[in-house]
Amino acid sequence: MWKSVKAAPPDAILGLTDAFKNDPNPDKVNLGAGVYKDDRGITPVLASVKEAERILLDGEQTKSYLPISGDPVYAECVQKLLFGEHSDILTSRRAVTAHAPGGTGALRIGAELIKKFNPDGAVWVSAPTWANHKGIFAAAGFAIKEYPYYDSDTKGLKYAALIDTLKQVPAGDVVLLHACCHNPSGVDLTSNQWSEIAAIAADKGWIGFLDFAYQGFGDSVEADRTSVEAFAAAGIDFFISSSFSKNFGLYNERAGAITVVSANADEAAVAKSHLDVTVRVCYSNPPAHGGLIVKTVLSDAALTETWRNELSEMCRRIVAMRSALVDGLAARGVDQDFSYIKQQRGMFSFSGLTDDTVAWLREHKSIYVVGGGRINVAGLTPENIDYVCDSIAEALKR
Ligand code: LMR
């Protein structure tokens with residue numbers, strides 16, 4: 001069967017982790033996949049998560065199947081986190097949520113569901129976007145189109161071009177937007193810009209799909225909701241994929257959720273029935289553990305408080321490393337201005353390093369950066385920052 005089949009290329013992001021693991025250089029640094037590391041270079045299990053796991057282990061009675069869309073209390077916790085406890089989306093019951101395996105699982109389920117009812121629709125993704133977005137939607141049968149987003153000259157947004165393009169998107173097409181902490185650029189829309197975009201969605205009839213993989217990594221859990229609130233206020237149907245990989249550090253538990261917001265409770269019930277059918281044929285029902293952790297933390301005020309503090313600490317460390325990188329490069333006499341890295345939000349820095357520099361860093365210094373120059377700032381530590389700054393300075397002075 002495989003004789004005449006060519007091997008697939010390694011994954012643009014996770015393939016770097018494999019290459020990093022096989023690299024014998026003791027100085028190697030992985031700034032590829034978006035995984036948080038603490039000052040010691042460890043991806044920790046959060047204390048709130050450990051405590052939730054203790055509670056779960058003591059109280060566990062069964063490992064029987066979850067419902068197809070997961071534990072309803074988990075869905076409620078996710079919705080409160082997404083919309084806020086007092087949102088009318090909750091009281092009107094116009095949203096339904098299914099526990100999905102990670103943000104990727106949520107995106108794929110959402111894509112499959114939309115494809116079923118809009119078979120001719122295309123998906124529009126930002127230029128650039130997370131490397132896996134195109135693959136996920138292409139696998140669900142979507143044609144992929146791009147809207148302008150990041151301006152590499154100004155290191156900001158191509159806002160006018162973005163708006164112009166969104167006004168041309170046909171009704172029924174999907175527009176995939178990064179709810180906060182745009183990956184890879186770290187450049188986000190303001191609250192007013194979100195409202196303008198939601199108004200265009202309402203006017204033109206395209207379907208907004210908000211990828212919310214980094215809630216809490218921008219300003220705060222609440223402030224990062226601006227995008228969701230703008231779409232909710234527009235009174236239109238939209239989709240949200242959530243991931244708890246980053247904000248709960250639950251990378252390998254695959255805890256995420258797909259939320260479908262529709263016009264009213266009756267339509268939401270119809271959406272839920274089709275969400276269940278879609279999940280059933282993909283993975284039947286979700287893996288329990290990660291979702292149970294999130295539910296346990298968010299259902300307990302003290303644990304929620306601990307989790308919020310841990311999330312703040314992750315953000316504080318990332319911001320500190322942004323400064324250390326910019327200041328470290330300036331201190332080494334690098335001419336190029338990297339100060340924009342301090343303004344970018346979330347885990348990543350769209351560094352402005354060229355693919356040639358990225359390749360040199362990997363080959364000569366065993367520093368792994370995603371193609372296009374995306375650096376996982378959360379992978380920088382007090383221990384490796386000097387080596388990374390020295391190496392980038394050397395690369396740029398070649
Ligand atoms: C990333 O963008 O590095 C993360 O979301 C990990 C992944 O799955 O690509």
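## Pockets and ligand

The lining of the largest pocket divides into 15 nonpolar, 13 polar and seven charged residues; Ala, Val, Leu, Ile, Met, Phe, Trp, Tyr, Cys and Pro count as nonpolar, Asp, Glu, Lys and Arg as charged, and the others, Gly among them, as polar. A pocket is an open set of points, on a 1 Å grid over the protein atoms alone, where a 1.4 Å probe fits, with protein on both sides within 12 Å along at least five of seven lines; lining residues have an atom within 4 Å of a point. The model is predicted: local features need pLDDT of at least 70, side-chain atom pairs count only at pLDDT 80 or more, and totals for chains, interfaces and linings use all residues. Residues are numbered from 1 along each chain as its sequence is written, and side-chain values use heavy atoms, with hydrogens and water left out.

Of the 35 residues lining the largest pocket, I13, L14, A33, G34 and K246 lie nearest its centre. The ligand takes the space of this pocket and is surrounded by residues including A33, G34, W130, N183 and R374, where near means a heavy atom within 4 Å. Polar contacts are pairs of N or O atoms within 3.5 Å.

| Residue | Part | Distance to a ligand oxygen |
|---|---|---|
| G34 | polar backbone atom | 2.7 Å |
| W130 | side-chain N or O atom | 3.0 Å |
| N183 | side-chain N or O atom | 3.1 Å |

The second largest pocket is lined by 19 residues, among them E60, T62 and K63. Its lining has eight nonpolar, six polar and five charged residues.

Note on methods:
Polar contact = N/O pair within 3.5 Å; in protein donor to acceptor, adjacent residues only side chain to side chain. Sits in = over half its atoms within 2 Å of the grid points.
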